[in-house]
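Biologist: Please take a close look at one part of this model and give me a connected account of its surroundings, with the cut-offs behind each term.

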Amino acid sequence: MFDRYDAGEQAVLVHIYFSQEKNTDDLQEFETLVSSAGVEALRVVTGSRKAPHPKFFVGEGKAVEIADAVKESGATVVLFDHALSPAQERNLEALCECRVIDRTGLILDIFAQRARTHEGKLQVELAQLRHLATRLVRGWTHLERQKGGIGLRGPGETQLETDRRLLRNRITLILSRLERVSKQREQGRQARNKADVPTVSLVGYTNAGKSTLFNRLTSAEVYAADQLFATLDPTLRRVDVADVGEVVLADTVGFIRHLPHDLVAAFKATLQETREAALLLHIVDAADLRIEENIDAVNVVLEEIESDEIPSLLVMNKIDMLDGFVPRIDRDEENLPVRVWLSAQTGEGIPLLFQALTERLAGEIAQFELCLPPAAGRLRSRFYQLQAIEKEWNEEDGSLGLQVRMPIIDWRRLCKQEPELVDFIV
């Protein structure tokens with residue numbers, strides 16, 4: 001039932017320009033998407049139009065050209081770098097006598113290949129089913145009539161109605177399973193909120209280097225590769241940030257221009273980590289010529305998932321691919337870090353990122369001198385656990401002097417748990 005094809009298939013690619021300026025970067029990105037799906041491109045057909053043709057999306061002459069390219073090259077599939085309507089797909093398939101798959105179908109297929117966890121697979125299947133629901137009629141045109149045969153005559157569902165019902169049932173089942181996953185994630189988030197552990201979510205255009213940076217910051221071994229959508233399943237790790245304490249880092253799926261809406265909806269539970277974050281690390285490929293367009297594409301998706309109001313820090317990655325570029329922090333008028341230039345691959349500039357995280361997350365810092373009685377050794381160990389002791393000495397009367405420095409939020413929490421603490425402030 002799915003428009004799935006085996007890796008290693010051969011295809012004719014179609015890309016249409018709708019503006020006067022022919023931006024070949026869009027075509028290059030599409031070719032990268034195709035190779036990420038494990039498909040070999042035999043021919044690339046391009047053209048220009050002011051608006052899509054209602055019947056074939058391309059003009060009738062261009063549609064014939066595509067059909068000829070399929071026959072000459074022996075391709076088994078035509079891949080369009082655009083969203084096609086079900087009718088356009090059907091008309092093109094009849095003309096080309098092979099499968100025709102649009103950009104949405106291609107991205108869904110890559111996601112299906114990459115999904116590893118149970119949740120990831122459910123999310124991809126949900127997106128595929130929603131996409132398929134509008135295209136069912138194409139697969140069953142020969143079965144529109146009611147089922148016949150002994151025991152099957154008379155009034156009843158057509159094959160198409162049966163499939164629609166099965167599809168609805170499966171979507172309902174997947175949604176209920178994803179709801180359970182969402183509740184489990186919510187419990188984890190509430191536990192972190194109670195413990196005042198902030199979440200920092202890594203977002204960015206696909207292949208900007210999010211997983212490489214995540215591995216560099218956390219010593220995790222998340223799969224990282226120079227390909228589109230290498231990461232699908234979110235990974236959470238804790239890291240220590242000076243003057244902030246523990247922070248949860250979340251590695252998320254990469255965004256892309258014209259990301260299918262079905263996909264955004266299906267990955268709602270995953271993207272919830274982004275919506276609940278205290279800070280977004282927006283990773284940007286500094287060596288990409290389309291920096292501004294990529295940043296805008298990510299901002300569009302952030303707006304779509306209602307995360308555009310969350311404070312963000314731009315991380316300009318891959319400076320090792322720029323000549324003579326040194327790591328630095330760019331600041332705004334209030335001297336707050338807004339941009340960090342680094343290389344996740346080589347590790348250059350990573351200390352600057354931690355410095356920027358401290359400044360963006362720490363807020364107020366509490367600094368006190370305490371005089372603890374000999375019996376208050378438990379309080380001393382609490383300060384050590386929080387890595388808050390800067391200096392320690394013994395007084396003549398046997399009491400212990402401490403100079404502590406810690407985030408104000410940690411100090412207030414400790415004072416709630418240990419009310420006698422305020423009596424020991426010098």
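**Cysteines, sheet and packed helices**

Modeller: Cys96 is buried, its relative accessible area being 3%, where buried stands for under 20% relative accessible area with a 1.4 Å probe and protein chains only. The model is a predicted one, in which local features need pLDDT of at least 70 and side-chain atom pairs count only at pLDDT 80 or more, while totals for chains, interfaces and linings use all residues. Residues are numbered from 1 along each chain as its sequence is written, and side-chain values use heavy atoms, with hydrogens and water left out.

The structure holds 0 disulfides, a disulfide being a pair of cysteine sulfur atoms within 2.5 Å. Cys96 is accordingly in no disulfide, and its nearest cysteine sulfur, that of Cys98, is 5.3 Å away. Cys98 is likewise in no disulfide, with the sulfur of Cys96 as its nearest cysteine sulfur, and Cys98 also counts as buried, at 13% relative accessibility.

Turning to the sheet, 7 strands form an open arrangement with mixed pairing, in the order S6-S7-S5-S8-S9-S11-S10; strands are DSSP runs of E with at least two residues, helices are runs of H or I with at least four, and both are numbered from the N terminus. Strand S6 (235-241) and strand S10 (328-331) are the edge strands, each pairing on one side only, where pairing requires at least two DSSP bridges between two strands. From one strand to the next, the twist averages 25°. Within this sheet, strand S5 (residues 199-204) and strand S8 (residues 279-285) run parallel and are joined by 5 bridges, and Val200 stands opposite Leu279 in S8.

Helix H11 (residues 291-304) packs on the sheet, touching S5, S8 and strand S9 (312-317), and its direction makes about 150° with that of S8; contact means heavy atoms within 4.5 Å, and angles run from 0 to 180 degrees between N-to-C directions of lines fitted to C-alpha atoms, for helices over the stretch in contact. Helix H12 (residues 350-361) also packs on the sheet, its contacts including S5, S6 and strand S7 (245-251), and its direction makes about 170° with that of strand S11 (337-341). Among the buried residues of H12 are Ile350, Leu353, Ala356 and Leu361.

Finally, Ser307 lies in the loop between H11 and S9 and counts as buried at 1% relative accessibility. Leaving aside residues up to four places away in sequence, Ser307 touches Thr274, Arg275, Leu280 and Leu302.

Note on methods:
Buried < 20%, exposed > 50% of the residue type's maximum accessible area, 1.4 Å probe, protein only.
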